[in-house]
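Please walk me through this structure, starting with its pockets and then turning to one of its helices.

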Amino acid sequence: MIIDIHGHYTTAPAQLGAWRDLQIAFAGGTGEAPDPASLTISDDDIRETIEVNQLRLMDDRGIDVTVFSPRASFIAHHIGDLAVSTTWARICNDLVARVGRLFPDRFLPGAMLPQSPGEDPKTTIHELTRAVEELGAVAVNLNPDPSGGRWSAPPLTDRSWYPIYEKLVEYEIPAMVHVSTTCRPDVFHTTGDHYLGADTTAVMQLITGDLFRDFPDLALVIPHGGGAVPYHWGRFRGLAMALGKPELDEHLLQNVFFDTCVYHQPGIDLLTEVIPTENILFASEMIGAVRDVDPRTGHYFDDTKRYVNATPNLTDAERAQVFEANARRVYPRLDRALAARGL
């Protein structure tokens, strides 16, 4: 089985974006708050957007199951207040859960949290609980920078985040550390430097702290191949030494995992050479940041299965770990959900 642990509902029906535009206008002081009940998306609307997009590509590429969460760039925690984020999170989480119910053997829901700049992270616990217990979420996305580029939140190692981590450990849920849209598009490109810079920043925060001493069972997934981390692994090892930390395989790699959302062969070759196989999880993030065909290969940039298959750094047994076994180990609820379906 091939499990993609990083998918977003980037092709959601247009009604979702139209409703969000009204909410953004309200948050900016224009108009009334839109009623969630006014958003009407039918099962047929969902089927149409999934079958010709994500599901078609999964079938074409031989991907069996995707962990499917709300569109990352839509989350935009920096817009509005906690009430705005809470309403938006419920709508988006309900929608991806419906995808999971309509295609139970192909999609398992991940959830966004209703984070908001300046708010205590524990305010997200109610929605986290609902997503797991009522919607069947097997993972969550955790935004290390709800401000959208101002980095006003404390580092991920700060004790203010602990209520979330306690709940994640209780539920056996990993968190993908994933930012959303930048609040400064004039300076930062959302899916380019903002995403990849945040991935790198999150890892450095984890290196400088001692989070996993307090949470030895917490699992965090760094997307997009870890940003700059594998490429600069020697720098991070050296910095950890200078800070008096243990070697990274002990200090970091018992709890931190990297996905394969790296869109060229040399990148996957580097990832699989530097990072231990047991810390690599297959993912594509399709249909996402890079949607075009690479003219050099004639294949989609985000067809990451091809790169994993082609790398000389993995044996067949190690490839099976990356494609399936690691995901089942790191995502226990995913494993149990698949087993319940006979998968």
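In what follows, Ala, Val, Leu, Ile, Met, Phe, Trp, Tyr, Cys and Pro count as nonpolar, Asp, Glu, Lys and Arg as charged, and the others, Gly among them, as polar. By that division, the lining of the largest pocket has eleven nonpolar residues, six polar and one charged. This is a predicted model, in which local features need pLDDT of at least 70 and side-chain atom pairs count only at pLDDT 80 or more, while totals for chains, interfaces and linings use all residues. Residues are numbered from 1 along each chain as its sequence is written, and side-chain values use heavy atoms, with hydrogens and water left out.

A pocket is an open set of points on a 1 Å grid over the protein atoms alone, where a 1.4 Å probe fits, with protein on both sides within 12 Å along at least five of seven lines; lining residues have an atom within 4 Å of a point. A volume is the space filled by probe spheres set on the points, which are joined across faces, edges and corners. The largest pocket has about 340 Å³. Among its 18 lining residues, Leu196, His224, Cys261, Val262 and Tyr263 lie nearest the centre. Helix H8 (190-208) is one of the elements that supply at least two lining residues, and its four are the largest share. Helices here are DSSP runs of H or I, at least four residues, numbered from the N terminus.

Helix H5 (residues 82-102) has 21 residues. Buried (under 20% relative accessible area, 1.4 Å probe, protein chains only) residues of H5 include Trp88, Ile91 and Leu95.

Notes. Expected span 1.5 Å × (residues − 1). Buried < 20%, exposed > 50% of the residue type's maximum accessible area, 1.4 Å probe, protein only.
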